[in-house]
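The stops below run from the whole chain down to single residues.

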Amino acid sequence: QKSMLCVGLTRTLVTRPNTILRAYSIRDRYVFPPKVKSPEEIALEEKRARQAEVNKIKQLEANRIKQERELRLYGARIESPGDEVLNFQYRPPIQPKHPRAMTVSVIGLPNAGKSTLVNRMIGTKVSAESTKSHTTRKNVLGISTTGNTQICYIDTPGIVAASNRESAQHFTTLAWDSLSEADAVLWVMDMVKTIDENTRWVMDGLRKLKKEEMAFDQSKIILALNKHDLYDRIPETERKPPLRRLEQYFPDAADIFDKVFFVSGLNGYGVAQLENYLIETAPQQEWSFSADIKTDQSTLSQVEEIVREKIYQKVNKEVTYKILPQTVGWTHRVDGVLRIDMHLYISKKSHFLILVGTKGDKITSIALEARREIQTFLNCAVELILIPVFNPKKFKNLEYELAEDAAEEDF
């Protein structure tokens, strides 16, 4: 009632002529009077206000110092990768006297150790290595030059006999298509793995090609029984001679393969003998690349391959195949350090959390190990910035672009 009375009184005063309006509310002054603050509360509020003002000034100063530092180190902005790192810089080779050259297509089942063996023969890493299947997602060219002989190895994705997965069919097609460009075929086979349907399917394909001489009019088919290091760990009483075991399944193996080698891409066992054989049998023809070139991949592609390898080594299960790196910054700082900014595109939120890890430990570990290897590869100090990005649409577009680039590769 008191509240209603006050409201009515106010209305009367407002509508009455020649009346001076008051500058306060009766309701606020008498009905709900403001709480009187104690001197301690007033002092505390003043202290908090002063501290907030100090913090604001400190933050503005920190932002100014950070901006000045970034401007001093990087310039006005992070630079995009230039043409010299985006594209392979081809130089016509200087041909030696009596040049010899050979292109070898390296095929095999998934996780047979093809990339490890190719990297061993090249003398540097041109393909990512991991224990997971289909680490190699496209045909990768590695080049080894010794004396007047140049050997080009085509490292291919793993062959799968029958699969409903479109990606597996694509990888298999890439591997078989590489045979048309090759002077020799090197089938890398895991000597400790059980012979399965995939092995039979590959043998049938090689047998057919050898018989019909489709692309092997004067070519050779070589068998490399890989992972001899694992074979040595098997007790002698349990060992089964791998070549004899192969002949039991395929009695015509001697007719298919021109030469058989026992090798280990991991520790180098038997690799020298394989290389010498390829050098001795290389036909006389001109080189395709300069002697100092190890691959036709761009510098940017090799850096991204290193990062992808570390992701494969650190992240488990199918998540590794759902992470695509893309370099967005390649900035030379004034202090001589190369800053590389790379986005890791992810299609699922759950995969984002797995990649980042607890308190960011997994993505930090990937960045540290990749940075060390990139520094060795580029021979300069590197600052590597990896930024996980959850963007399903961008991931699909990038995946499509990579598939198109792989399909258009022509060695």
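Helices (H or I, at least four residues) and strands (E, at least two) are DSSP runs, numbered from the N terminus. Color by secondary structure: the protein chain comes to 15 helices and nine strands. This is a predicted model, in which local features need pLDDT of at least 70 and side-chain atom pairs count only at pLDDT 80 or more, while totals for chains, interfaces and linings use all residues. Residues are numbered from 1 along each chain as its sequence is written, and side-chain values use heavy atoms, with hydrogens and water left out.

**Whole chain**

Color by accessibility next. Buried means under 20% relative accessible area, exposed over 50%, and partly exposed in between (1.4 Å probe, protein chains only). Of the 411 residues in the protein chain, 40% count as buried.

**Helix α9**

Select residues 242–249, helix α9. Which residues are buried here? Pro-242, Arg-245 and Leu-246 are. They sit on the same side of α9, because they cover an arc of only 100° around the axis; the arc is that of the directions from the helix axis to the C-beta atoms. Then show what the buried residues pack against: β4 (184–190), β5 (220–226), α8 (228–233), α10 (253–256) and β6 (259–262).

**Lys-114**

Go to helix α5 (residues 114–122), where Lys-114 lies. A salt bridge is a side-chain nitrogen of Lys or Arg within 4 Å of a carboxyl oxygen of Asp or Glu. Lys-114 is buried yet has none; the nearest side chain of opposite charge, Asp-155, is 5.7 Å away. Lys and Arg count as positive, Asp and Glu as negative; His and the chain ends are not counted. Instead, look at the backbone oxygen of Leu-109, 3.0 Å from a polar atom of the Lys-114 side chain. Leaving aside neighbors within four places in sequence, the contacts of Lys-114 include Ile-107, Thr-156, Pro-157 and Val-188.

**Salt bridges**

How many salt bridges does the structure hold? There are 14.

- Select Glu-369 and Lys-314, whose side chains meet at 2.8 Å, N to O. Glu-369 lies in helix α14 and Lys-314 in helix α12 (residues 299–314), so the pair ties together parts 55 residues apart in sequence.
- Select Asp-204 and Arg-207, with the closest N and O atoms 2.7 Å apart. Both lie in helix α7 (residues 197–212), three residues apart, about one turn of the helix.
- Select Arg-333 and Asp-335, with the closest N and O atoms 2.7 Å apart. Arg-333 is buried at 13% relative accessibility, whereas Asp-335 is partly exposed at 43%.
- Select Lys-125, Glu-309, Lys-310 and Glu-373, linked in a network of salt bridges.

**Positive phi**

Most residues other than glycine have a negative phi. Lys-227 has a phi near 70°, a positive value. Find Lys-227 in the loop between β5 and α8, buried at 17% relative accessibility. Asn-379 has a phi near 60°, also positive. Asn-379 lies in the loop between α14 (361–378) and β9 (382–390) and is exposed at 71%.

**Cysteines**

The structure holds zero disulfides, a disulfide being a pair of cysteine sulfur atoms within 2.5 Å. Cys-152 is buried at 7% relative accessible area, and Cys-380 is partly exposed at 27%.

Definitions and conventions
Contact means heavy atoms within 4.5 Å. A polar contact is a pair of N or O atoms within 3.5 Å; within protein, one must be able to donate a hydrogen and the other to accept it, and residues adjacent in sequence count only if both atoms are side-chain atoms.
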